[in-house]
Amino acid sequence: MTAESAQSPLTLLSWPYRRGVMNPYTERIGRAVAERGVAVAEFSPWRLLAGRADVWHMHWPEGVVRSRNPVVAALRLGAFALLVLAARARGVACVWTVHNLQGHDRAHPRLEQWLWRFLVPRLDGVVLLSQATEAPLWQRHPASRRLPSRVVPHGHFRGLYPNSIGRDTARAHYGFGPRDRVVAFVGRIRPYKNVDRLIAAVRGLDDPALRLVVAGHADDAGLGDRLRALAGDDPRIRLDLGFLPDDAMQVPLNAADLVVLPYQDILNSGAAILALSFGCPVLVPGLGAMGELRAMAGHPWVQCFDGPLTAEALVRALAELPPEGAPDLTPLDWSESGRRLAAFYAALCRRRAGR
């Protein structure tokens, strides 16, 4: 941080910032720090190399090796490494928010392993979405132990999506009735999310009032075909395997009595917070930060299961649904997250300037 930048607002390059990904998180946290006086811009190599920047905040750096083509993935990784070195040479603080410890779809594990070994020692700080992230982060990436860190909780989604339709209207969209017991999975469908376990659990229950809606884009056509084959001709199951625009997100969430996330691996979950933001309780694996989320929102708004999802776990969760209302999500207020993150940026820049 130069003497000039010390007299003016910090400039943040967020990667990503605007809605280039199907997740409003990065834009909303960027707006929250902007409200604290930080100048926020979308990251680009040009802005990093030729413009002014104090902080480069990375959210999913593993995305650089996500290409199915190994040559393309390697070239992108090389370009990324050069940008990190350039950022350090220019005095830009490099920050990583630990959404995941590694990529979920590891098409090129050796390239990703090199990515983390290169990147983590060259970071200036890490942002944790929960305290529960710290221990597994240290175990997976030992170089992170020396890094300054700050817990900045994932904010809620209230007001970020349209929410104008009622429960009966949402259920009618799927042909469900007001007395049906509706379970939902909402979000991008990827193999590690174990949606097949949820379908199997529902099919294993002889409950004529039970309904399931799976709403979200399947990563590939083969995965979608497998889910359709698992659902078979069960009239209780609705598969809506397409991209959900913002104004359609409210339909499955307002139709549901319970959102189930049957993930085989989970650290933090924006999907769980999204469901709670719509006043819908969630059933999640007892892994990662889900215990913290349960302590914050309370039982039965957040219920946890151990091991793979079973029909019995689903029955127990449906028997303990909360009364009508909504959980208290005050600890997930965006303004507080913005305050914490802006203060962390300032501390990292002072630390770098003092070296």
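Begin by selecting Tyr25, Thr26, Glu27, Arg28, Ile29, Gly30, Ala32 and Val33, the buried residues of helix α2, where buried means under 20% relative accessible area with a 1.4 Å probe and protein chains only. This is a predicted model, in which local features need pLDDT of at least 70 and side-chain atom pairs count only at pLDDT 80 or more, while totals for chains, interfaces and linings use all residues. Residues are numbered from 1 along each chain as its sequence is written, and side-chain values use heavy atoms, with hydrogens and water left out.

Next, select helix α4 (residues 70-89) together with helix α5 (residues 109-119), which pack at an angle of about 5° with their axes 11 Å apart. That angle makes α4 roughly parallel to α5, a term for angles under 35 degrees. Show side chains for Pro70, Ala73, Ala74, Leu77, Phe80, Ala81, Val84 and Leu85 of α4, and for Leu111, Trp114, Leu115, Phe118 and Leu119 of α5, which make the contact, meaning heavy atoms within 4.5 Å. By class, this contact of α4 with α5 has 13 nonpolar, no polar and no charged residues.

Finish by selecting Arg167, Ala256, Asp257, Gly279 and Glu324, which, of the 18 residues lining the second largest pocket, are the closest to its centre.

Methods
Axes are lines fitted to C-alpha atoms, for helices over the stretch in contact, and angles run from 0 to 180 degrees between N-to-C directions. Helices (H or I, at least four residues) and strands (E, at least two) are DSSP runs, numbered from the N terminus. Angles under 35 degrees count as roughly parallel, over 145 as roughly antiparallel, 65 to 115 as roughly perpendicular and the rest as oblique. Ala, Val, Leu, Ile, Met, Phe, Trp, Tyr, Cys and Pro count as nonpolar, Asp, Glu, Lys and Arg as charged, and the others, Gly among them, as polar. On a 1 Å grid over the protein atoms alone, a cavity is a set of points where a 1.4 Å probe fits but cannot get out, and a pocket is an open set with protein on both sides within 12 Å along at least five of seven lines; lining residues have an atom within 4 Å of a point. Buried means under 20% relative accessible area, exposed over 50%, partly exposed in between (1.4 Å probe, protein chains only).
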